[in-house]
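Please look through the sequence and the 3D structure shown here before reading on. The briefing that follows is arranged by topic.

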Amino acid sequence: MIRYRELREEEITRELFSNFIRHQNVTDCYRKENGSWIIKSAPFVDDWSEEDYHTLISCLQNTVRTGGYVNAAFSGEALKGFVSVEPVLFGGRQRYLDLSSIHVSEDMRGQGIGKALFSAAKKWARQQGAGKLYISAHSAVESQAFYQAMGCVEAQSYDQKHVSAEPFDCQLECIL
């Protein structure tokens, strides 16, 4: 049975991720060429280094500290998924809040955890007065299929902070 709950800043430590498996075999990715999205072969293994975990932990702690949202899925005591939403509205009339991360442990994918976390993030963002979630998402075909299933589309206006940080990510939005 999966339990969902918000995380407190002091809970977000390296130990929290001890049973979390980030691993993803990526074969194909979306790339924008001449104004159109195409699928290209771009095989690699996506995994987090220790440095990546420390950066993630710092970012998630900051999200909570600044009034944002971090919700997690647990199987027993083991973290199996999480989502984070930053607290600051941007994008003018779009009223975006940034869905800064959503990940499900490799051993638990396909069981509805990502959908439940995404729905919780949407509900929280709506309560904060947002009109849409802004998502700078990995361009892997599998990642994009998830966001499409959640009703996300290409963002009407790109946030340049996200574009310059991850030039191959897809910029998406999801109406709340």
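Is Leu-172 buried or exposed? Leu-172 counts as buried, because its relative accessibility is 7%, where buried means under 20% relative accessible area, exposed means over 50%, and partly exposed lies in between (1.4 Å probe, protein chains only). The model is predicted, with local features needing pLDDT of at least 70 and side-chain atom pairs counting only at pLDDT 80 or more, while totals for chains, interfaces and linings use all residues. Residues are numbered from 1 along each chain as its sequence is written, and side-chain values use heavy atoms, with hydrogens and water left out.

- Leu-172 has its place in strand β9, which covers residues 170–175; here strands (E, at least two residues) and helices (H or I, at least four residues) are DSSP runs, numbered from the N terminus.
- Between Leu-172 and Glu-86, which are 86 residues apart along the chain, the C-alpha atoms are separated by 16 Å.
- Gly-81 belongs to strand β5, residues 78–85, and Gly-81 is buried because its relative accessible area is 0%.

**Helices**

- The 16 residues of α1 should span 22 Å at 1.5 Å a residue, and the end C-alpha atoms of α1 are 22 Å apart, which agrees; the expected span of a helix is 1.5 Å times one less than its number of residues.
- Within α1, the residues Tyr-53, Leu-56, Ile-57, Leu-60 and Thr-63 are buried. They lie on the same side of α1, because they cover an arc of only 125 degrees around the axis, the arc being that of the directions from the helix axis to the C-beta atoms.
- Glu-50 is also found in α1, and Glu-50 counts as partly exposed because its relative accessibility is 43%.
- Glu-50 and Gln-24 are separated by 26 residues in sequence and by 16 Å in space, C-alpha to C-alpha.
- Helix α2, with 15 residues, reaches 21 Å from its first C-alpha to its last, close to the 21 Å expected at 1.5 Å a residue.
- The buried residues of α2 include Ile-113, Gly-114, Leu-117, Phe-118 and Trp-124, and α2 is followed by Gly-129, whose phi is positive, near 95 degrees.
- His-162 lies in helix α4, and His-162 is buried because its relative accessible area is 11%.
- His-162 and Glu-9 are 153 residues apart in sequence, and their C-alpha atoms are 24 Å apart in space.

**Loop residues with positive phi**

- Asn-34, found in the loop between β2 and β3, is a residue other than glycine with a positive phi, near 55 degrees. Asn-34 counts as exposed because its relative accessibility is 82%.
- Arg-95, in the loop between β5 and β6, is not a glycine and yet has a positive phi of about 50 degrees. Arg-95 is partly exposed because its relative accessible area is 41%.

**Cysteines**

- The count of disulfides comes to zero, a disulfide being a pair of cysteine sulfur atoms within 2.5 Å.
- Cys-152 is in no disulfide, and its nearest cysteine sulfur, that of Cys-174, is 3.9 Å away. Cys-152 counts as buried because its relative accessibility is 7%.
- Cys-170 is likewise in no disulfide, and its nearest cysteine sulfur, that of Cys-29, is 8.5 Å away. Cys-170 counts as buried because its relative accessibility is 4%.

**The largest pocket**

- About 1600 Å³ of space lies in the largest pocket. On a 1 Å grid over the protein atoms alone, a pocket is an open set of points where a 1.4 Å probe fits, with protein on both sides within 12 Å along at least five of seven lines, and lining residues have an atom within 4 Å of a point. Grid points are joined across faces, edges and corners, and a volume is the space filled by probe spheres set on the points.
- Among the 50 residues that line the largest pocket, Ser-100, Ser-101, Ile-102, His-103 and Ser-136 are the closest to its centre.
- The elements that give two or more residues to this lining include β2, β3, α1 and α2, while β6 gives the most, with seven residues.
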